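Here is a quick briefing to read with the model open beside you. Take it topic by topic and click along as you go.

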Amino acid sequence: MFEAFLSDFQDQDGSNPYLEQIKVLSSHQKTTVYVDYVHLLSFNETLAQAISEQYFRMEPYLRKALQTLIRQYDSDYLFEHGSQGEEREFWLGWYGIPVVKKLREIKMQQHGQLLTLSGTVTRTSEVRPELLFGTFMCNECNAVIKDVPQEFKYQEPTICPVQECGNRTSFTLITEQSRFADWQKVRVQENANEVPSGAMPRTMDIILRNEVVERAKAGDRVKITGVPIVVPDVAQLIGNKVEARREAQQGRGKEGFTQQGVTGLKALGVRDLTYKLVFLGTHVQNTQLKNALSALHDLTEEEDPMEQIIQQFSEEQLLEIQEMKTDRRIYQKLAQSVCPHIYGHEDIKKGILLQMLGGLHKETKEGIRLRGDINVCVVGDPSTAKSQFLKFVTGFMPRAIYTSGKASSAAGLTATVVKDEETGEFTIEAGALMLADNGICCIDEFDKMDIADQVAIHEAMEQQTISITKAGIQATLNARTSILAAANPIHGRYDKKLSLKQNIAMSPPIMSRFDLFFVILDEAHEQTDLMIAQHIINFHRFKEEGVQPEYNVQQLHNYLTYARGLKPRFTEEAREYLVTQYRNLRQQDATGVGRSSYRITVRQLESMVRLSEALAKVNGDEEVLVKHAAEAAHLLKTSIVHVEQDAVELEEEKEVQEDKPKLVLSAEDFQRIRHSVILQIKRSEREKGVAGLTRSEIMNWYLEAKEEQNEIETEEQMNHHRKLIKSVLGLMVKKENTLLEMQDVTRLNEEEQETVVEDPVLVINPNYVADDE
């Protein structure tokens, strides 16, 4: 009946897909025919039910039916080496089972049945040959015993078929005449959304054979069709010392009986043998479509990735995407559609939007890869929705992993070498960064991570690889992932008087690897608090109806899938603009003015390049324009430039009336004046060889500099700047002790010595240490 189904079934187009597969097997050198269970169900429901319930018992007969059809339609391919060779083994792969089982639902009731399970791949073994039918030679009479079936263990002939011989122990495997198949073991874990509350995720070993091997890699969410089978769980009983051995002693033993065959497991003793369920897979299907969001790096290796991405959309979806591209406010609307249940935080939403798109991955002529993924860190006070951003990204991106910093170790984030329970070999088990390859790894409570664990992700954040050298394994693994981290300040709340690096527990190398830093302050503001409260109450009252973003999740998903595959190139104007912006940022950082985050390095220039490319992708442009570079520079400035410090109150002369407002100078302006005064004193000491300058000389130099900059045009402005510089100098002497007053009478004549108290010499304090030292 199954043979009739393969030969007679016709689909809606009137063609037979299975005969077409059989006819092209030889041209593609394949041995597996894939059968849709839905087709069998519509052709013969009784046969479909019988195969589903008794698949393990019926599988050899189904393969025989397939061989009969191949003999009929392609008889030459049936034999391995021409018409005189041995018959080739053919296999069946099943898919389209209507009901998908969870890992936890597979019990002994399903033993031997054909079913589909879902899960996430956590570990894959290497592909090894498996002995299916062994050909043995008797070492006593040299007789050849062919096609001894091997059922999940190495099995020699029970006795030599030659009657005169009777050998039971001494056989040699002839590998040239034996039949092998590819074999791979995959470990699958329950999906995170399928684990009941309070339970640990279950795992199961999947055995894959032939052409189904290498269909899944760590981190993939898969549906596997196959049959549960029972095998002895020997490793659990005796540890990792599974050892089958043959007695060396020949002839009669102590009790007078001949030692025959393989005596079994040495260390097992008289304990009971337990069993475990494994799953024999016949078909592996990735539940996530291979698109720009889930496998961008794999697509970019192909010749025309954009054409493949466009083919995944219907005509209606393409029209909708084109309409979204023409909208001038597409950037703002997409940003508002990210985390719509969170009120405000527009800059953070823009940063996360650009992170989901990413820049362009490049490779130099020497083969060195430059990362295009954007790393973002959100620092803020408690109760400012940091974790909600991470949860949204985890649910939205196809390959996203959520982990917490305190509960994560270095091996858990990168990769670890574990010993296989059965074979005793060392294998690599993927960590969070490897599982998030082609996606985003969200790390909450990043500041709670141990410093040793933070160091482990240095390589993954910049080179996007993970190198392992331990237990005889030397490997470099891909970790092409973006990192979205959330951290709390050291003192619980962000202290505006301290710099960013003083507020968070991160080393400078880690900080430089983040492209964007966002600081969220929980400040009391009447209007903002009212809007946030109304937004939260509306969301609780009306659920999703209370939050109506510009684009829904599906529209956002489609547009990002399309835009992520674009490859914009820089225009000459955008290049020049980025160079100018980087030079300005570098100069501002070198002067010490407003330096409150970390030093501007070449990594920040590369960050602007990646952000510019991502902004061009948002707008659907083929070129990176100046407007994209300007927005990228703006985002970088808002994220890494200092958070505002308290203004400096300057002391004025006592004669000034108390009712006049106090002279107030911003922290940035104070630092600029202070730094320029110190540089002027140092310059004067080098040129004249005399220590320090008098107060009047410094004030005159400052006022002349302001006149050259056209900032002094009236007498009122002159008096204002005179008071300003005099107050700054007084603050540097009395409060900061940056400058010291010296009454040097050696450089004055007798008439001028009386005025030395009013105009002292100001020198730099020997104990003063500059900020950049």
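What is the order of the strands in the open sheet of five strands? The order is β15-β18-β21-β14-β22, and the pairing is parallel. Before going further, a word on ground rules: this is a predicted model, where local features need pLDDT of at least 70, side-chain atom pairs count only at pLDDT 80 or more, and totals for chains, interfaces and linings use all residues. Residues are numbered from 1 along each chain as its sequence is written, and side-chain values use heavy atoms, with hydrogens and water left out.

**The five-stranded sheet**

- Helices (H or I, at least four residues) and strands (E, at least two) are DSSP runs, numbered from the N terminus, and two strands pair if DSSP finds at least two bridges between them.
- At the edges sit β15 (400-404) and β22 (516-520), each of which pairs on one side only.
- On average, neighbouring strands here are turned by 15° against each other, direction ignored; axes are lines fitted to C-alpha atoms, for helices over the stretch in contact, and angles run from 0 to 180 degrees between N-to-C directions.
- Inside the sheet, β14 (residues 376-380) and β21 (residues 482-487) pair in the parallel sense over four bridges.

**Helix α12**

- Helix α12 lies across β14, β18, β21 and β22, and runs at about 150° to β22; contact means heavy atoms within 4.5 Å.
- Its 12 residues should span 16 Å at 1.5 Å a residue, and the end C-alpha atoms are 17 Å apart, which agrees; the expected span is 1.5 Å times one less than the number of residues.
- Since 10 of the 12 residues of α12 are buried, the helix is largely enclosed by the rest of the structure; buried means under 20% relative accessible area, exposed over 50%, and partly exposed in between (1.4 Å probe, protein chains only).
- Among the buried residues of α12 are Lys349, Lys350 and Gln355, along with Ile352 and Leu353.
- Just after α12, Gly358 takes a positive phi of about 75°.

**Nonpolar cores**

- The largest nonpolar core has 55 residues, and those with the most contacts inside it are Leu334, Leu354 and Leu484; such a core is a set of buried Ala, Val, Leu, Ile, Met, Phe, Trp, Tyr and Cys residues joined through side-chain atoms within 4.5 Å.
- Helix α12 (residues 346-357) supplies the largest share of this core, six residues.
- A second, separate core has 36 residues, including Val379, Val417, Ile466 and Ile510.
- Setting aside neighbours within four places in sequence, Leu334 is in contact with Met324, Leu353, Tyr551, Leu556, Tyr559 and Val618.

- Three strands make up another open sheet, antiparallel, in the order β27-β29-β28.
- Its edge strands are β27 (693-694) and β28 (739-742), each pairing on one side only.
- Four bridges link β28 with β29 (residues 761-764) in the antiparallel sense, and Glu741 stands opposite Leu762 in β29.
- Helix α25 (residues 667-688) lies across β27, β28 and β29, at about 95° to β29.
- Helix α27 (residues 715-734) lies across β28 and β29, at about 95° to β28.

**Strand β4 and its partners**

- Strand β4 (residues 115-124) is mostly covered, with nine of its 10 residues buried.
- Two bridges join β4 to β3 (residues 100-101) in parallel, and Lys101 has Leu117 as its bridge partner in β4.
- Six bridges join β4 to β10, which run antiparallel; Thr116 has Thr225 as its bridge partner in β10.
- Four bridges join β4 to β8 (residues 179-189), again antiparallel, and Thr124 stands opposite Val186 in β8.

**Single residues to look at**

- Glu214 has a positive phi of about 60° although it is not a glycine; this residue lies in the loop between β9 (203-209) and β10 (221-232) and counts as exposed at 55% relative accessibility.
- Glu445, also not a glycine, has a positive phi near 50°; Glu445 lies in the loop between β18 (440-444) and α16 (451-456) and counts as partly exposed at 24% relative accessibility.
- Pro509 is in helix α19 (residues 508-513), is partly exposed with a relative accessible area of 34%, and touches His458 and Arg603, not counting residues up to four places away in sequence.
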